[in-house]
Amino acid sequence: MPIRPRRTLSAIIQWIDADHAPGGASSMRAEPDRVDWTRCIPFIVLHLGCLGVIWTGASAFAVWTAVVLYFARMAAVTGVYHRYFSHKTYSTSRPMQFVLAVLGGTAVQRGPLWWAYHHRHHHQHSDEKEDAHSPHVHGFWWSHIGWITSRRNFPTDYSKVRDLDRYPELVFLNRFDAIVPMAFALAIWGLGAFLEVHAPGLGTNRWQMLVWGFFISTTALFHGTSCINSMAHLMGRRRYEIGDDSRNSFILAVITLGEGWHNNHHRYQSATRNGFFWWEIDITYYLLRCLSWTGLIWGLKGVPASVLAEGERLDHRDSVAAAANARNVHPEYSSLKRIVPAAAAIAVATVNAAHPVLPRRAEAPAAHRDVSGLSQVPQRDLGR
Ligand SMILES: [Zn+2]
Ligand SMILES: [Zn+2]
């Protein structure tokens, strides 16, 4: 068979069997970056499916389903695919590991081993040429969406996930990575069909639920997650000066349930939490903490005190530098530095003046000057 039809046929087989690679997975990974349009048809269909809203319209129930499923599955991506399969930041039992893998699969971001392999590779080569999705090397759009359309990035390199590929059930989910998403889409469609008949007051139906609960929610989830590959290496603050351009961003932490503290994470990947300080909200960590109370997961890993102390020191240094910079950029800052303490002193004096001061007796001993100490004054002195 000529090479082009053979590749098209392979790509179609890969929709079902992700490990299908006639020329060998390693030779595929050695190819230069090239968009494989046939292989990407399911991904394109996912985006086009959102347009179904033109025909199905919206209902409050369907929209809220999309929102809830976005955040629930974001927690699965971050708490399971990232913090468990990629970094093993906590432990669990083998049955629970399988349940977690299925939950992660509903996010429609391929199998757990493929996800973990690529993510570990990203940490190994962050913002270097080998990094498949560095915005600094490949540009914003390639890091956000392009890299997953490239033929060379489709196979899983099982040699990078040896700790995971010894579980046949995980390898099965990874190889046939369309099963869970298809079942998930069917379940939402079925729920819509059920509600259409048994709860007509909700104003939804099978197709509307499929469009909102699956297509729109999953597309938003993909782009929310992808923001970490693209935006989290461009937008935000670098607390730790490490060998890449990862950054901390509150906005990204909100839309990804804690992954926005990406610079923290690149500094210390083994911790279950990405928000290192109490003000760095990390919903995924709070959820994992709650789950650990049930005994289903355990051994959550903390951030070493030395890494926290290093962060505090760098924050302090940055604050001092920012204040010095403010003095140069805004000359009025120096005046403020004089005015503010003076105003504070006046305010304190005013408050003190408002309190009544007990009259002193001229002949009283020194102890009387302390109003609170009156009771300690000998009676004979008071009687004078
Ligand atoms: Zn990164
Ligand atoms: Zn990571």
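A word on the ground rules. Residues are numbered from 1 along each chain as its sequence is written, while chains are lettered from A and ligands numbered from 1 in the order in which they are written. The model is predicted, and local features need pLDDT of at least 70, side-chain atom pairs count only at pLDDT 80 or more, and totals for chains, interfaces and linings use all residues.

Let's start with the whole chain. It has 18 helices and two strands; these are DSSP runs, H or I of at least four residues for helices and E of at least two for strands, numbered from the N terminus. The radius of gyration is 30 Å, well over the 21 Å that the globule rule gives for 384 residues, so the chain is more spread out than a compact globule. That radius is taken over C-alpha atoms, and the rule is 2.2 Å times the number of residues to the power 0.38. Along the principal axes, the C-alpha atoms fill a box of roughly 120 × 55 × 45 Å.

How many of the 384 residues are buried? The share is 33%, where buried requires 20 or more other C-beta atoms within 10 Å of a residue's own, exposed means 12 or fewer, partly exposed is in between, and C-beta atoms are placed from the backbone.

Now for the helix pair. Helix α5, residues 60-86, packs against helix α7, residues 112-124, at an angle of about 65 degrees with the axes 9 Å apart. Axes here are lines fitted to C-alpha atoms, for helices over the stretch in contact, and angles run from 0 to 180 degrees between N-to-C directions. The two are therefore roughly perpendicular, a label for 65 to 115 degrees, with under 35 being roughly parallel, over 145 roughly antiparallel and the rest oblique.

Which residues meet? From α5 we have Y81, H82, F85 and S86, and from α7 P112, W115, A116, H119 and R120; contact means C-beta atoms, placed from the backbone, within 7 Å.

K88 sits in the loop between α5 and β1 (91-92), and its phi is near 50 degrees, a positive value in a residue other than glycine. With 16 C-beta neighbours inside 10 Å, K88 counts as partly exposed. D127 belongs to the loop between α7 and α8 (135-138). Its phi, near 60 degrees, is positive too, in a residue other than glycine, and D127 is partly exposed, with 17 other C-beta atoms within 10 Å.

Definitions and conventions. Contact = placed C-beta atoms within 7 Å.
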